Amino acid sequence: MSSSTDWPLWEVFVRSRRGLSHTHAGSLHAPDAEMALRNARDLYTRRSEGVSIWVVPSTQITASSPDEKDSFFEPAGDKPYRHPTFYDIPDGVKHL
Amino acid sequence: MAPTATAAALALGDDALVLSHRLGEWAGHAPVLEEEVALANIALDLLGQARVLLSLAGDEDELAYLREERAFRNLQLVEQPNGDFAHTIARQLYFSTYQTLLYGQLASGDSTFAPLAAKAVKEVAYHQDHAEQWTLRLGDGTAESHERMRRGLDTLWRFTGEMFQPVEGLDGADGSAGVDWPALQASWTASVTAIIEKATLTVPTGPQEGAWAAGAGRQGLHTEPFGRMLAEMQHLHRSHPGASW
């Protein structure tokens, strides 16, 4: 078995034929981007036509930290006036 | 079907069946999980082609499981044992390039096999791409992978001449366009040469005629490992003849 440095981890994003956006489908090991694309086609699309695949080396992804979840996401939650639904729309306003 | 068309269906069907079985032997043994899936995918494609072709020639199960070695019409190339990964890739490169070009010609023709070939060209183009990618990586990889790829290409070279012997039923005798075998050989040589040289390897020299004689596999003359492969493949069917599953 090759070492993980020779076969790094890649994240796979797939847009299905009628899909609007690429969705994370999973990950795989491959020696380079070309092989990662081909392996992703085998593993995640069964070679069905009209799909788009993105592969990204896992090391290129920066994730938000679970430890900072509260301070990172909550300020918006307890300040409802930051959301458009907080405001009543006055009668007579058109085209909003 | 005309007898000549049946002969052609057997030749092409046996190629696909036998190579599919060889690739199936890799299951659980490939170098990495991703390659496991790729080889199984290719084996499944080939088995699908074999089923359609053998069904054109008769009963697919009977033809696969109850024929003796001498009745098989596959190329000697596809019956060669897997060897190491580079050996398998060399066999894939030679055969999938042949199949891509042959089915390309058949798909644009008007023979019985045009509809089948039109469906299979997409599959075999994928097989060819897979073999090409690995030939480049192994040939232009480490000193050891280069040496193994060279050995695979050299060892199998003598079985490549048989691919260009005209196949009965694909020669245009039935009034269809037929396969242009010299053109097929020229395209094959150009394509394989380009890939091998890009992989920093050298195209093997020497005769391409095979172990027995040119066209031997198509006449039912096979190499020794083929008998053992058939014994394994046919064992259950021969132990319980007439059973359904």
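Chain A of this predicted model contains two helices and three strands. Helices (H or I, at least four residues) and strands (E, at least two) are DSSP runs, numbered from the N terminus. Along the sequence, the elements of chain A follow the order β-β-α-β-α. Of its 96 residues, 21% are buried. Buried denotes under 20% relative accessible area, exposed over 50%, and partly exposed the range in between (1.4 Å probe, protein chains only). Contacts are heavy atoms within 4.5 Å. Among contacts in chain A between residues at least 6 apart in sequence, 38% link residues at least 24 apart.

Residues are numbered from 1 along each chain as its sequence is written, and chains are lettered from A and ligands numbered from 1 in the order in which they are written. Local features need pLDDT of at least 70, side-chain atom pairs count only at pLDDT 80 or more, and totals for chains, interfaces and linings use all residues, while side-chain values use heavy atoms, with hydrogens and water left out.

The surface of chain A amounts to about 7400 Å², of which carbon and sulfur atoms supply 54%. Accessible areas come from the Shrake-Rupley method with a 1.4 Å probe; for residues, only the protein chains shown count as cover. A nonpolar surface patch is formed by A:Tyr81, A:Phe86 and A:Tyr87, with about 350 Å² of accessible area together. Patches consist of residues with over 30% relative accessible area and no salt bridge; like charges are joined within 9 Å, nonpolar side chains (Val, Leu, Ile, Met, Phe, Trp, Tyr) within 5 Å. A:Tyr81 sits in the segment after helix H2 (69-77) of chain A. Its relative accessibility is 42%, so A:Tyr81 counts as partly exposed.

In chain B, helix H7 (residues 143-157) has 15 residues and should span 21 Å at 1.5 Å a residue; its end C-alpha atoms are 21 Å apart, in agreement. The expected span is 1.5 Å times one less than the number of residues. Buried residues of H7(B) are B:Ser145, B:Met149, B:Gly152, B:Leu153, B:Leu156 and B:Trp157. They cover an arc of only 130° around the axis, and therefore lie on the same side of H7(B). The arc is that of the directions from the helix axis to the C-beta atoms. Their cover includes helices H4 (76-79), H5 (85-107), H6 (114-139) and H8 (181-198) of chain B.

Over all chains, the structure holds 14 salt bridges. A salt bridge is a side-chain nitrogen of Lys or Arg within 4 Å of a carboxyl oxygen of Asp or Glu. B:Arg137 and A:Asp32 form one of them (2.7 Å, N to O). B:Arg137 lies in helix H6 of chain B and A:Asp32 in the loop between strand E2 (23-29) and helix H1 (33-45) of chain A, so the pair joins two chains. A:Asp32 is partly exposed at 25%.

B:Asp84 pairs with B:Arg148 in a salt bridge, with the closest N and O atoms 3.2 Å apart. B:Asp84 is in the loop between H4 and H5 of chain B and B:Arg148 in helix H7, so the bridge ties together parts 64 residues apart in sequence.

A salt bridge also links B:Arg228 and B:Glu224, at 3.0 Å between the closest N and O atoms. These residues are four apart in helix H9 of chain B, and are therefore separated by about one helical turn. B:Arg228 is exposed at 52%, and B:Glu224 is exposed at 62%.
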